[in-house]
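Hi,

Here is the structure I promised to pass on to you.

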Amino acid sequence: MYKIPLRIYLWCIAMCLPVIAFAQADTTLSLLNQTIKEKGRQYKQQPDFYKAHTFFLAKEWDSVMVYSMRQLEKNNSSEVEDYSRYFRATGFARKGLLDEALKEYAAISQQFDFYYKVRLSIGEILLEQNKFKLAIPYFKEIEALEDTPALGFKVSSVAHNLGLCYLHLGRFKEAEQCLFKGFKMQEKSKDTLALIGSYMDIATLYYEQYQDDKAIPNFIKAYELSKKVNDFALKQNAALNMAVVEENRENFTTALNYRKEYEAWRDSLNNRNKVWELAELEKKFAVAQKQKEVNQLISENKVKKAERDRLVYTSGILLVLIAVLIYFYRQKIKINRIIEAQKVKLNDLNAAKDRLFSIVSHDLRSSVSALKSSNAYLLQHYEQKEYEVLDEQLHNSSEIANSTYNLLDNLLNWALLQTKQAYFNMEALRLLPLLEQVAYNYTAIMHAKDIHFTIDVPARAVVFADRESLKLVLRNLLDNAIKYTAGGGLIKIDAAVKKDNKVQLSITDTGKGMTAEVIEEVLKESDVLINKKNGTGAGLGLQLCKSILLKNKGALAIESEPGKGTAMIITLQMPHKNG
Amino acid sequence: MDKLKVLVIEDTPAESDRLLAVLHANNFEVVGVAASFKDAMALYYSATPDIAIVDIFLNGNPEGITFAEAISAVPGAVKPFIFLTSSNDRQIFERAKLTHPFSFLLKPFNELEVLYAIEMAIEKFYGQHEVTEEETNATVSPEYLFIKKNKSLKKVAIADIVYIEVEERYCNVITQQEKFVVMISLNRIAEYLNPAVFFKTHRNFIINISHASEIIPSDNLILMQGGHKVTLSDKYKDFLKDTVIFK
C-alpha cells in the first residue's frame with residue numbers, strides 16, 4: 001500500500017530529468033546559436049526575422065514569438081520559414097505551451113539544418129506529456145546518431161530519457177539496458193547531477209520489480225551523492241526515497257529521520273524561497289523607504305528652491321526699489337541744486353534789476369535834474385543878457401548830456417546783451433581806424449583837460465570781433481580813463497601781438513588807480529552789476545565791458561596801483577590766417 | 001582828382017544836416033538828399049552817385065532795405081551803399097544784411113566813422129577789402145582810382161592817368177594836372193588797367209599810350225603830354241610792335 005505514494009514520488013523524480021536535459025541543451029547550444037547568428041546576419045534586411053533571432057539568442061521568448069509570427073505571416077523562403085518555426089516552437093516549449101510547440105516542430109521541413117534537434121525536442125515534449133510510447137521512436141532515432149559535442153546535446157541524457165520511457169511502460173529489461181547505458185556515459189563525463197538522477201531511476205527500476213537488494217544500494221548511492229550537491233530538489237527527493245525505502249523495511253526510526261531530513265530540505269527549499277521573498281519584501285520596503293526619503297528630499301528641495309527664488313525675487317525687487325529711490329533722491333538733489341543755483345542767479349539778477357532801477361532813479365534822475373537846472377540857469381542868464389557866463393554853462397550842460405547819454409547807452413546795451421537781442425557778427429576789423437573813431441569823440445574833452453593822448457598801434461593790426469560791441473568797450477574804457485585822470489595826465493593806447501593768435505590792447509592812464517580789492521571785485525565773474533556804494537554808472541560800464549569781451553572770446557585784465565594809474569588790458573582774437 | 005559823389009537817403013533833416021556837414025567838410029560832393037524811397041530811386045538814376053548812404057528807416061518803414069534790394073536787382077546798376085541806422089536790433093540787422101550792404105553806420109556817428117564807412121564801402125565793393133593785407137591808401141576800379149587823401153576819399157579817372165612810376169613801395173600817379181603818391185604795388189594797379197591802353201615801358205613805368213606825344217627809341221625815351229619824360233627800356237620795347245599809334 002505504500003507503493004502507490006512511492007510511485008508518485010518517483011514520477012516526481014522522473015519529471016526532473018527532461019528539464020535538466022533542457023538546461024544542458026542551453027549550455028551546449030553553441031553550434032546552433034552560431035548558425036542562428038549567421039542566419040540573422042544573412043537575413044538582416046528582414047527586420048522581423050532579425051529581431052526574432054536577436055530575442056531568441058537573448059531568450060526573451062514572448063518577443064521571439066511575436067516577431068517569428070510576423071515573419072511567418074509573410075511569404076518566406078523555406079529556410080527562413082523553418083528557422084522562424086523553430087524559434088516559435090522553442091518559445092512555446094519554454095513557455096510550457098507543449099501542444100503548440102509540438103505543432104510548430106511538426107511543421108518544420110526535413111531540410112532544416114537542425115532537424116535532429118527538432119526530433120529530440122518532440123521526444124522530450126512527448127516524454128513530458130507522459131506519451132512514452134510515442135516518445136520512444138524519437139529518442140531511438142536520436143540515439144542512432146553519433147555522439148559528438150557538435151550535436152549540442154548529450155547522448156547520455158537521450159539514453160536516460162529512453163530508459164525512463166521504458167520504465168514507465170513497465171518494459172524493465174529495455175529500461176535497465178538504456179538506463180545503464182546512460183549511467184555509464186554519465187559516469188564517464190562525471191555529470192554528478194545526472195548520475196544522482198540515474199541512480200535514483202535505476203533504484204526505482206529495481207524497486208518496481210521488487211528487487212530491493214539491487215534497488216536499495218542505488219538509493220543510498222543517490223542519497224550519498226545528493227549530499228555533495230547543492231540541488232535542494234535532488235536532496236529532498238533522495239531523502240524522501242530513502243524514507244520510503246526504510247519505511248517499507250519497517251525501520252521507522254530511520255525512516256522518520258529521512259523523512260525529517262526530507263522535510264528539512266523541503267522547508268529549506270521553502271525557506272530559501274521565503275528568505276528570498278523576505279529579502280524581496282525587505283528590498284521593496286527599503287526601496288519604498290528610499291523612495292519616500294527621495295520624495296521627501298525632492299519636496300524639501302522644492303520648498304528650498306521656492307524659498308530661494310522668493311529670496312532672489314525679493315532682493316531683486318528691493319534692489320530695483322533702492323535704485324529707483326536713489327535715482328529719485330539724486331534727481332531731487334540735482335533739482336535742488338539747480339533750484340539753488342537758479343535762486344542765487346535770480347537773487348543776483350534781482351539785485352541787478354534793483355541796481356538798474358537805482359541807476360535810473362538816482363544817476364539818471366540827478367543827471368537830468370542837473371541838466372534841467374543848468375538849462376534854467378542858462379535861461380535866467382540869457383534873459384538877463386549876461387552872455388559871458390553862458391559859454392561855460394553851455395559846456396557844462398553839454399558834458400552832463402554826454403555822460404547821461406553814455407549812461408543810457410550802456411543801460412540799453414546791457415539790456416540788449418542780457419536778452420541777446422543785439423546784432424552780433426564777428427569779423428576781421430582794423431584796429432587803428434576803430435580806435436581813432438572812438439577817440440575822436442573824446443578829442444575835445446581831452447584837449448580841455450590837457451590830457452596827452454597817444455595811440456601806438458600799427459596800421460596793420462587786425463582783430464576778430466564784433467565791431468559795435470568792441471567800440472562800446474573801447475568807449476567805456478576811454479571814458480573811464482579820462483574821467484579818473486587828472487588834468488595834464490597821460491593816456492596811452494598800445495597793442496602787442498601775443499601767442500595763440502591773440503592781440504593785447506592796453507589803455508594806460510595816469511589816473512587815481514584802483515586797489516587790489518576793487519580790481520578783484522570788478523573782475524569777479526557774475527551777471528550782476530557791482531554794487532559800488534558811492535559809485536555812479538561806472539560799475540555798469542566795466543561789467544558791460546567784461547560781458548562783451550567774453551562774448552567776443554576776449555578777456556579783460558586790470559593792472560593798477562593806487563595813485564599811479566591804471567592799465568586796462570583787453571585780449572582779443574586775431575582772424576585766422578585762412579579766414 | 002575829383003570829389004566823390006554821394007547820395008544821402010535820410011528822412012530826418014537834423015540827421016541829414018549832420019551828415020551833410022561832415023561830407024562837405026571832407027570834400028565830398030553831395031548829389032542829393034532823398035527823404036523817401038521814390039525820391040531815392042529817381043535821384044539814384046539821375047545823379048549817378050559813386051556811393052549812397054541809406055537810412056534803413058524812412059518814414060517809420062524799412063524802405064532803406066527796399067531801396068538796397070531794388071538797386072541790387074538790376075545788374076550793373078548797383079553802386080556801393082552804406083546803411084545808416086540808430087538801432088542795433090538784431091532782426092533789422094539780419095534783414096539788412098541780406099542785401100549785402102558794403103558798410104554799416106550806427107547812429108550817433110562821428111566824422112571819422114562816416115569817412116571810414118565810405119572808405120570801407122568802396123574797398124569792399126571793388127573787392128579789395130583784404131584787412132589782413134598791407135596798408136594801402138587806394139582802391140582801383142575799372143573807371144576810377146580811389147585815393148585816400150587826409151581822411152577823405154578822392155577819385156581819379158583811370159583815363160586821366162598819364163603814367164605811373166614806381167618809387168620804392170609807392171607809386172607816383174601822374175595826371176595832366178596833378179601828381180599823387182599811392183601806397184599800392186604796381187602789379188596790383190596793372191591788374192585793373194586796360195592792357196590796350198596801358199603799357200609797361202620800364203620795370204618802374206606804366207604809361208597811358210593815349211597820353212604819349214612822342215617816342216624816341218634811340219634815346220630810350222617817351223615824351224608824354226604835359227612835358228613828362230618816361231624811360232623806355234630795351235626789354236619792354238616789344239610793345240611798340242603791337243601798337244600803331246604814331247601821331
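Buried means under 20% relative accessible area, exposed means over 50%, and partly exposed is what lies in between (1.4 Å probe, protein chains only).

Before you go on, some ground rules. This is a predicted model, in which local features need pLDDT of at least 70 and side-chain atom pairs count only at pLDDT 80 or more, while totals for chains, interfaces and linings use all residues. Residues are numbered from 1 along each chain as its sequence is written, chains are lettered from A and ligands numbered from 1 in the order in which they are written, and side-chain values use heavy atoms, with hydrogens and water left out.

How far can you trust chain A? The score to look at is pLDDT, the predictor's confidence in each residue, from 0 to 100. In chain A the mean pLDDT is 81, and 90% of the residues reach 70 or more. Residues 1-28 of chain A stay under 50, and the model has 45 contacts for them beyond four places in sequence; contact means heavy atoms within 4.5 Å. Residues 530-537 of chain A also have pLDDT under 50, with 14 such contacts. Where pLDDT is low, the predicted coordinates should not be read in detail.

Now for chain A as a whole. Its secondary structure comes to 20 helices and seven strands. Helices (H or I, at least four residues) and strands (E, at least two) are DSSP runs, numbered from the N terminus. Of the 579 residues in chain A, 42% count as buried. The accessible surface of this chain is about 33100 Å², and 57% of that belongs to carbon and sulfur atoms; such areas come from the Shrake-Rupley method with a 1.4 Å probe, and for residues only the protein chains shown count as cover. If you take the contacts in chain A with a separation of 6 or more, 64% are between residues 24 or more positions apart.

Which residues touch the most other members of the largest nonpolar core? They are Tyr86(A), Phe87(A), Tyr105(A), Val118(A) and Phe139(A), in a core of 74 residues. Helix α11 (residues 192-208) of chain A gives this core its largest share, nine residues. Apart from it lies another core, of 50 residues, including Ile482(A) and Leu572(A). A nonpolar core is a set of buried Ala, Val, Leu, Ile, Met, Phe, Trp, Tyr and Cys residues joined through side-chain atoms within 4.5 Å. To see one member's surroundings, select Tyr86(A): beyond four places in sequence, its contacts include Leu32(A), Phe56(A), Tyr105(A) and Phe112(A).

One more stop in chain A is Asp450(A), in the loop between α17 (443-448) and β2 (452-456). Its phi is near 60°, a positive value in a residue other than glycine, and Asp450(A) counts as exposed, at 55% relative accessibility.

On to chain B, which has seven helices and 17 strands. Its C-alpha trace spans about 70 × 30 × 30 Å along its principal axes. Buried residues make up 50% of the 247 residues in chain B. The domain assignment, which is automatic or from a database, gives domain 1 (2-125) and domain 2 (160-242) in chain B. The centres of these two domains, taken over C-alpha atoms, are separated by 37 Å.

- Ser141(B) sits between β7 (138-140) and β8 (144-149). Is Ser141(B) buried or exposed? Ser141(B) is buried, at 1% relative accessible area, and beyond four places in sequence it touches Tyr126(B), Phe146(B) and Ile158(B).
- Pro108(B) is in the loop between β6 (103-106) and α5 (111-125). The peptide bond from Lys107(B) to Pro108(B) is cis, with omega near -5°.
- Asn59(B) lies between β4 (51-55) and α3 (63-73). Asn59(B) has a positive phi, near 55°, and counts as partly exposed, at 49% relative accessibility.

Happy exploring!
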